[in-house]
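Subject: Structure handover

Hi,

Here is the structure we talked about. Please have a look, then read my notes below.

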Amino acid sequence: MRSSGGCSRRWLLAAAVVILVSGVPVGAYAQQAKATARATAHVYLMRGVLNIFSLGMDQIASKLERRGISATVTNYLFWSSVADEAAAQYKSGRVRTIILVGHSSGATVLPDMVARLTRHGVPVKLAVGLDSVFHTSLSGRVGRYINFYVANGVGTPVERTKQLHGELSNVNVDAIPGVGHITIDKNEIVQQKVINAIEAAL
């Protein structure tokens, strides 16, 4: 009987020969894979109340677009239609990676969006909430959910339920200088944490 390890080694050797013969550097394949992941990803950013207190969502979207990552910004009141649109885009094949980001009330609706997309049979790769104003619980399927909140303010941790399939992290950011409920989405340190998480997901 042939060992599976031997088969694996022969497969890797054959792949290496193909790459060498083609004359294409290994790094080029990695770059192509990265470009494909960016091109087929979409980040849905949800603003909070009145659309005037969550302009950091627009700043993050602009930074993502400059990195070649598609992003749209919407008020939290339209969360259900955004989830349905994301599901339709995923099922059409135009979007392969769904990422959600929200601030304030926009963060409060993220667990609802995850649950709705789960009912559609659509996975969420990453969700990032910034200081949800109400207590929320998380269920459904999400690769990773990060809840950045200001513990000495109005923000609250997200509660895990037994129906959650994925990783949940509650991160208190009240030690970051100048961070409060109104400023968390516009803080450059927090914005970079969000972008780093998105980059890692891709």
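A salt bridge here means a side-chain nitrogen of Lys or Arg within 4 Å of a carboxyl oxygen of Asp or Glu. By that rule the count is 6 salt bridges. Bear in mind that this is a predicted model.

Start with Asp-58 and Arg-47. They form a salt bridge, with the closest N and O atoms 2.8 Å apart. Asp-58 sits in helix α3 and Arg-47 in strand β1, so the pair ties together parts 11 residues apart in sequence. Arg-47 is buried, at 15% relative accessible area. Asp-58 is partly exposed, at 26%.

Next, Arg-116 and Asp-84. Their closest N and O atoms are also 2.8 Å apart in a salt bridge. This one links distant parts of the chain: Arg-116 is in helix α6, Asp-84 in helix α4, 32 residues apart. Both partners are partly exposed, Arg-116 at 24% and Asp-84 at 29%.

Then the strands. Glu-167 and Arg-144 meet in a salt bridge at 3.7 Å, N to O. Glu-167 belongs to strand β6 and Arg-144 to strand β5, so parts 23 residues apart in sequence are tied together. Glu-167 is partly exposed at 40%, and Arg-144 is partly exposed at 32%.

There is also a network: salt bridges link Arg-38, Arg-67 and Glu-199.

Last, the surface. Val-49, Leu-50, Ile-52, Phe-53 and Ile-182 make up a nonpolar patch, with about 460 Å² of accessible area together. Leu-50 lies in the loop between β1 and α3. Leu-50 is exposed, with a relative accessible area of 61%.

Best wishes

Note on methods. Residues numbered from 1 in each chain as written. Predicted model: local features only at pLDDT ≥ 70, side-chain atom pairs only at ≥ 80, totals over all residues. Heavy atoms only, no water. Patch = residues over 30% accessible without salt bridge, like charges linked within 9 Å, V, L, I, M, F, W, Y side chains within 5 Å. Areas by Shrake-Rupley, 256 points an atom, 1.4 Å probe, with all protein chains shown as cover. Helix = DSSP H or I, 4+ residues; strand = E, 2+ residues; numbered from the N terminus. Buried < 20%, exposed > 50% of the residue type's maximum accessible area, 1.4 Å probe, protein only.
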